[in-house]
Amino acid sequence: MGSQLGSAGLLLVNTLINIYIFLLMLRFLLQASRADYYNPISQSVVKVTQPAVRPFQSFLGPVMGRFDLATLATAFVIKAVSIFLILQIAGFGMAPIAGVAIGAVAAVANALLKIYFFAMIVMIILSWVAPQASHPGALLVMQLVEPIMAPVRKVIPPLGMIDLSPIVVFIAISLIDGIVVGSLTRAAGIAGALVGL
């Protein structure tokens, strides 16, 4: 009974850490896509993640261009430390450093892909029910997915009222998730069990 409670507790801790990694990667993608910083949702994401990102900003410097390396480093370090600690507490002993690092990279990549996947679903639903929505969440989703949709739209233009670019992006996300993240997860060994949400 105690072992099952301990396992459930570790699973809960891992899930909460993965949700925080998700928020960190959302912050990273909002910066990369140059989404509206003053959007209330953007402000909330920054406020929730700033305490963890601040120490990394002190030695990695401010955001340069589109990519916030401090946020990326924060997510990697938090996930690597959590993998190490959870495996120690669960009784797996000293995890290989390479496996922990690969597991952390896989978790960060997984979070990035999940954000795009869910944002694409929201964008498609919004295009059907409220194509001219001005809600801060709707605007943020559109700003988030547009940088990955625009290049696809240049190659595959809409056919009348039908835009096929989301299908291509979904296929690309699935391929990257299956090939890259899947390979990283397998390469991480036991640490790979703690990768996804």
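1. Thr 74 touches Leu 24, Ala 52, Val 53 and Phe 56, leaving aside residues up to four places away in sequence; contact here means heavy atoms within 4.5 Å. Thr 74 sits in helix H3. With a relative accessible area of 0%, Thr 74 is buried. Buried stands for under 20% relative accessible area, exposed for over 50%, and partly exposed for values in between (1.4 Å probe, protein chains only).

2. Basis of the note. This is a predicted model, in which local features need pLDDT of at least 70 and side-chain atom pairs count only at pLDDT 80 or more, while totals for chains, interfaces and linings use all residues. Residues are numbered from 1 along each chain as its sequence is written, and side-chain values use heavy atoms, with hydrogens and water left out.

3. Overall layout. The chain has six helices and zero strands. The order from the N terminus is α-α-α-α-α-α. Helices (H or I, at least four residues) and strands (E, at least two) are DSSP runs, numbered from the N terminus. The C-alpha atoms fill a box of roughly 60 × 35 × 30 Å, taken along the principal axes. Of the 197 residues, 38% count as buried. Among contacts between residues at least 6 apart in sequence, 72% join residues at least 24 apart.

4. H4 against H6. Two packed helices are described by the angle between their axes and the distance between the axes. The axes of H4 (residues 97-129) and H6 (residues 165-187) come within 9 Å and cross at roughly 160°. Axes are lines fitted to C-alpha atoms, for helices over the stretch in contact, and angles run from 0 to 180 degrees between N-to-C directions. H4 and H6 are therefore roughly antiparallel to each other. The angle classes are: under 35 degrees roughly parallel, over 145 roughly antiparallel, 65 to 115 roughly perpendicular, the rest oblique. The crossing of H4 and H6 is left-handed. A crossing is left-handed if the near helix is turned anticlockwise from the far one by less than a right angle, and right-handed if clockwise.

5. The H4 and H6 contact in residues. On the H4 side, the contact includes Ile 102, Val 105, Ala 109, Leu 113, Phe 117 and Ile 124. On the H6 side, it includes Pro 166, Phe 170, Ile 173, Asp 177 and Leu 184. The residues of this contact divide into 19 nonpolar, two polar and one charged. Ala, Val, Leu, Ile, Met, Phe, Trp, Tyr, Cys and Pro count as nonpolar, Asp, Glu, Lys and Arg as charged, and the others, Gly among them, as polar.

6. H3 against H4. The axes of H3 and H4 come within 8 Å and cross at roughly 130°. H3 and H4 are therefore oblique to each other. Their crossing is right-handed. Among the residues in contact are Leu 72, Phe 76, Lys 79 and Ile 83 of H3, and Val 100, Gly 103, Ala 104 and Val 108 of H4. The residues of this contact divide into 12 nonpolar, one polar and one charged.

7. H5 against H6. Helix H5 (residues 136-155) and H6 pack at an angle of about 115°, with their axes 9 Å apart. The crossing of H5 and H6 is right-handed. Ile 148, Met 149, Val 152 and Arg 153 in H5 meet Ser 165, Pro 166, Val 168 and Val 169 in H6. The residues of this contact divide into six nonpolar, one polar and one charged.

8. Salt bridges. The count is two, with a salt bridge taken as a side-chain nitrogen of Lys or Arg within 4 Å of a carboxyl oxygen of Asp or Glu. One joins Arg 27 and Asp 68 (3.7 Å, N to O). This pair links distant parts of the chain: Arg 27 is in helix H1 (residues 2-32), Asp 68 in the loop between H2 (40-60) and H3 (69-90), 41 residues apart. Arg 27 counts as buried at 10% relative accessibility, and Asp 68 is buried at 4%.

9. The other salt bridge. The side chains of Glu 146 and Arg 153 meet at 3.0 Å, N to O. Glu 146 is partly exposed at 35% relative accessibility. Arg 153 is partly exposed at 24%.

10. After H6. Gly 192 lies in the segment after H6. Gly 192 is buried, with a relative accessible area of 9%. Gly 192 and Ala 109 are 83 residues apart in sequence and 13 Å apart in space, C-alpha to C-alpha.
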